[in-house]
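Here is a short report on one protein model. Start with the structure below, then read on.

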Amino acid sequence: MAWYNKDEIKKFIRKDNSILVVWDVQEALVNSIFNKEEFLQKLKEIISAARQYNVPIVYTKITPLPERFQPPYMRRSFNPGDIVKDVYPQGSDVVLNKNTTSIFVGTNFELMLRNAGIQTIVFTGIATDIGVETSARHAQALGYLPVIAREAVSSSDKDAHERSLANMSKLMPVLDNKEIIERWSS
């Protein structure tokens, strides 16, 4: 059971106070997920709607620290590749290079939100059970309204993805694209 009233909380999802986060949609990650085609179609749909309703879009990009400055337990070679061409940033989209599983650690994201008067963060991307959930919970702890675009998040681990969606739905809205886009259009 959720701690919030879904219909009441939807009133806080508006185009004038929202931002769309496209989390780590990089080549190696997209190629590892269980539902690549469906995910990309739904991600394109919500990105298109954000552009239509002038909702700012921030892409995150895994950017490892130089090896010497990585924690010893994380020193490994991993090249996630570039953001996939199907949903590549355009025009005024922002790309945030980040080194952690929270969009708030080591970036200026919170400052950007405060400067723009944004209170609602719509999360999309990969992986639901890692960076999306970590960032959404961190957003909520900071007083923002995190919204998970259920159809536009994914993972290489389907079971972990589904558990993560179930866990988050108890704390924050986990909505289909249609529900989010209806709120932006009203």
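## Around helix H5

This is a predicted model. The cover over the buried residues of helix H5 includes strands E1 (18–23), E4 (120–126) and E5 (145–154), along with helix H6 (158–169). Those buried residues are Thr128, Gly131, Val132, Glu133, Ser135, Ala136 and Ala139.

H5 spans residues 128–141, 14 residues in total. From first C-alpha to last, H5 reaches 18 Å, close to the 20 Å expected at 1.5 Å a residue. Glycine 143 follows H5 and has a positive phi, near 95°.

## The sheet

Six strands form an open sheet with parallel pairing. Their order is E3-E2-E1-E4-E5-E6. Strands E3 (94–98) and E6 (174–175) are the edges, and each pairs on one side only.

E1 pairs with strand E2 (residues 57–62) in the parallel sense, over three bridges. Valine 21 has valine 58 in E2 as its bridge partner.

## Helices on the sheet

H6 lies across E5 and E6 and runs at about 155° to E5. H7 also packs on the sheet. It touches E1, E4, E5 and E6, and its direction makes about 135° with that of E5.

## H3 against H7

Helix H3 (residues 36–52) packs with helix H7 (residues 177–185) at an angle of about 5°. Their axes are 10 Å apart. Angles under 35 degrees count as roughly parallel, so H3 and H7 are roughly parallel to each other.

From H3, the contact uses Lys42, Glu45, Ile46, Ala49 and Ala50. From H7, Asn177, Ile180, Ile181 and Trp184 meet them. The contact residues divide into six nonpolar, one polar and two charged.

Key:
Residues numbered from 1 in each chain as written. Predicted model: local features only at pLDDT ≥ 70, side-chain atom pairs only at ≥ 80, totals over all residues. Heavy atoms only, no water. Axes fitted to C-alpha atoms, helices over the stretch in contact; angles between N-to-C directions. Helix = DSSP H or I, 4+ residues; strand = E, 2+ residues; numbered from the N terminus. Parallel < 35°, antiparallel > 145°, perpendicular 65-115°, else oblique. Contact = heavy atoms within 4.5 Å. Nonpolar A, V, L, I, M, F, W, Y, C, P; charged D, E, K, R; others polar. Expected span 1.5 Å × (residues − 1). Buried < 20%, exposed > 50% of the residue type's maximum accessible area, 1.4 Å probe, protein only. Pairing = 2+ DSSP bridges.
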